[in-house]
Each structure stands twice: as C-alpha cells, then as structure tokens.
Amino acid sequence: MIELIKGLLSTGGYEITLIYFTPGIGYPYLLDMPIRLMELKRTAKKDLSIFSKLYRLIRNFKPDIIHSWGSMSSIYALQSVLLYKRAKFINGIIADAPENLTIKNEDYLRGRLTFPFSDAIISNTFTGIRSYKAPPKKSHCIYNGMDPTRFMNLKSKQSVLNSLGLKTDEFVAGMIAVFEGRKDYETIIKAAAKLQEQKHKIKILLIGDGMLKKSMEELADSLKVKNVLFLGHKPDVENYIQLLNAGVLTTNHPVHCEGISNSLIECMALGKPIIGTAGGGTNELINDGYNGYLIPPKNPELLAERILYLFNHQAISEEMGRNGLKMAMEKFTLDRMTKDFINVYNAVSKKL
C-alpha cells in the first residue's frame with residue numbers, strides 16, 4: 001500500500017487521505033509524505049462506531065475513489081460506499097490464496113458480503129481471485145511492486161557480515177517473515193539442523209519478530225542448532241538480504257497460503273535464487289528450476305537438500321539469481337504496479 005502511495009504521488013494529480021485503524025503509523029516516513037493521515041481509534045477489535053466515524057470523514061473529504069486495503073477495512077468501508085454514492089469502491093480484500101475456502105473463513109465471508117458492492121476487486125495473485133471466487137468481470141490481478149531505489153546505496157556488505165560475525169566464505173540462506181502461525185519456521189530450523197550435521201559452511205538468517213519467536217528459539221536450542229541467527233525485526237532489511245546466497249519462505253499450509261510475498265520479491269530484486277513452499281501465489285512467483293525451487297509443505301529434508309545443492313553449484317545458483325532479477329524487473333516493479341492501479345482507477349472513474 002505504501003509503495004502504491006509513493007507511486008501515485010510520483011505521477012502527480014492525486015490527493016490522498018490514508019485512514020488507519022491500528023494505533024501507530026509503523027512507518028515513520030509516512031509523516032513526511034504529502035498526504036493526509038487520519039487514525040480512527042477502535043475501542044474493541046470490531047468497533048461498530050467506526051462505521052459512522054468513517055462515513056463522516058468520507059462525507060467531509062468527498063473522495064472520487066474509496067480504496068480499502070484488507071478484509072476488515074472493506075467491511076468498515078461498506079456503509080460509506082452505500083451511503084456516499086459519488087465514490088467508486090476499489091475492494092483490496094484479497095491478499096492470500098487459501099485452498100478450499102468456505103463461508104466459515106472470516107475473510108471469505110467478508111468477501112462475499114462486499115463483492116456485490118465493489119466496482120473493482122484487487123488481488124495480488126490470479127490464484128487468490130479463484131480461491132475467493134471473486135466475480136471475474138470485476139476482478140484484477142495486480143502484482144506487488146518494489147521501488148528499485150530501496151536497493152541502492154546499501155551498507156558495505158563486509159561491514160554487515162562483520163556485525164553478525166559471519167565470514168565471507170560462508171553460504172548464507174535466509175527467511176524474512178513474521179513469527180506467526182501462518183509461517184513455517186519449524187521447517188527451516190529443522191533443515192538447518194540437517195545441514196549442520198553435514199558440517200558445511202552454511203548459515204541461516206531468520207529476520208523478523210512476532211509471538212512465536214521465543215518458541216522457535218527454544219526449538220533451535222532443543223535441536224542444538226548452532227548455524228541459525230535470529231536477527232529480529234530489521235527496518236533496513238535490504239542490507240541483510242544482500243548477504244544472502246538464497247532466500248527462503250516456508251509457509252504453514254494448513255493455516256495459510258501466500259499471496260505474492262514481498263520478501264521473496266526483495267530477494268529477487270537483489271539477484272538471489274529463492275526457495276518457497278508450493279501453493280498459492282508462490283507458484284506464480286517461483287518458476288521451479290528457473291529462478292529457484294518449489295518444495296512441498298513441511299519438508300525440511302528437501303529444503304536442506306535444495307540449499308545444499310545451491311551451495312555446491314555456485315554457477316547454477318548465480319544463474320537462478322539473474323533469472324529472478326530479470327523477473328523482478330519485468331513483473332514486480334513499482335512503476336508497473338502503479339500503472340496497473342491507475343488503469344483500474346481510470347476504468348471505474350469513467351462510470352462516475
């Protein structure tokens with residue numbers, strides 16, 4: 001969403017109001033952007049007073065487009081969409097691609113409630129559109145886009161290696177994700193244990209934070225894993241991605257199916273081969289054997305094998321990285337994403 005705001009501001013002609021419900025901005029540089037920021041404080045997770053508060057804001061701002069980002073935001077926007085008929089509704093509810101969705105799934109139910117009143121429905125994967133059974137005529141797949149300037153002027157690679165106590169001849173694989181149940185950190189930690197048994201110079205960086213971080217650290221201790229570094233949250237994550245020889249994203253499939261993973265795109269943008277759990281949007285991101293590998297869920301043995309293969313075949317690893325960089329520059333740029341959103345905005349605006 002923030003990348004889109006940056007892209008829209010760079011084109012000019014857009015006045016943007018960002019209304020958020022979670023306390024705290026989280027991204028301080030938003031304060032320096034020429035946009036209007038409004039926090040609607042919730043007294044509970046599902047605060048019904050937000051409906052009327054949001055409508056008053058909408059009526060005051062008189063937007064041409066109401067663009068929701070996330071399933072609860074789409075629900076909160078619904079009353080304003082119905083009452084303030086001058087605005088077109090861009091429904092950005094689809095961010096993942098679960099299998100076998102039913103009405104018991106909260107996000108799916110919210111989709112069924114809001115799709116009929118949407119002028120356009122946005123998903124970051126084609127798989128997500130099919131998973132949510134979104135109406136094809138209203139639905140648009142717009143892949144996430146990255147600003148390439150993020151990957152310029154990075155810290156010295158050697159200085160970052162030194163700060164972590166890593167050596168230049170070590171092969172480094174890494175996973176960037178929140179420590180939550182939808183991510184499968186258990187598999188990558190068990191893969192690290194198997195790689196450690198073979199005494200190869202392979203280190204695993206785990207970058208992120210969350211409620212399961214402590215339990216995963218305890219798992220690593222119980223397996224006597226010494227080749228894993230828990231780095232916590234890194235706002236300057238690009239400086240650490242540059243260290244990687246391979247990017248990894250293992251997903252807890254019984255709980256979650258990915259949309260388009262920003263962390264994997266970031267790895268591709270820095271020319272790294274990637275390995276991800278098959279399913280969902282990851283299948284649209286990884287061309288198996290071309291820019292990385294798809295692996296079945298909960299398979300630490302195969303993950304360790306793929307990492308070891310890249311370790312032993314440097315030329316193939318570098319070729320995959322170049323292929324991934326090419327894909328990133330063709331499909332996952334900020335310019336391309338911004339143009340796709342503007343095309344949708346223009347198409348629905350013609351109906352005004």
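Colleague: How many bridges join strand β8 to β9?
Modeller: This is a predicted model, in which local features need pLDDT of at least 70 and side-chain atom pairs count only at pLDDT 80 or more, while totals for chains, interfaces and linings use all residues. Residues are numbered from 1 along each chain as its sequence is written, and side-chain values use heavy atoms, with hydrogens and water left out. Strands are DSSP runs (E, at least two residues), and two of them pair if DSSP finds at least two bridges between them. Strand β8, residues 202–207, runs parallel to β9, and the number of bridges joining them is 4.

Colleague: Which residue of β9 stands opposite I204?
Modeller: β8 covers residues 202–207, while β9 covers 228–232. The residue of β9 that faces I204 across this pairing is V228.

Colleague: Which strands stand at the edges of the open sheet?
Modeller: The open sheet is formed by 6 strands with parallel pairing, in the order β9-β8-β7-β10-β11-β12. Each edge strand has a single partner strand, so one side of it is left without a neighbour in the sheet; the strands in question are β9 (228–232) and β12 (292–295).

Colleague: Which residue of β4 stands opposite W69?
Modeller: Strand β4, residues 88–94, runs parallel to β3, and 5 bridges join the two. Within this pairing, W69 has as its opposite residue in β4 G92.
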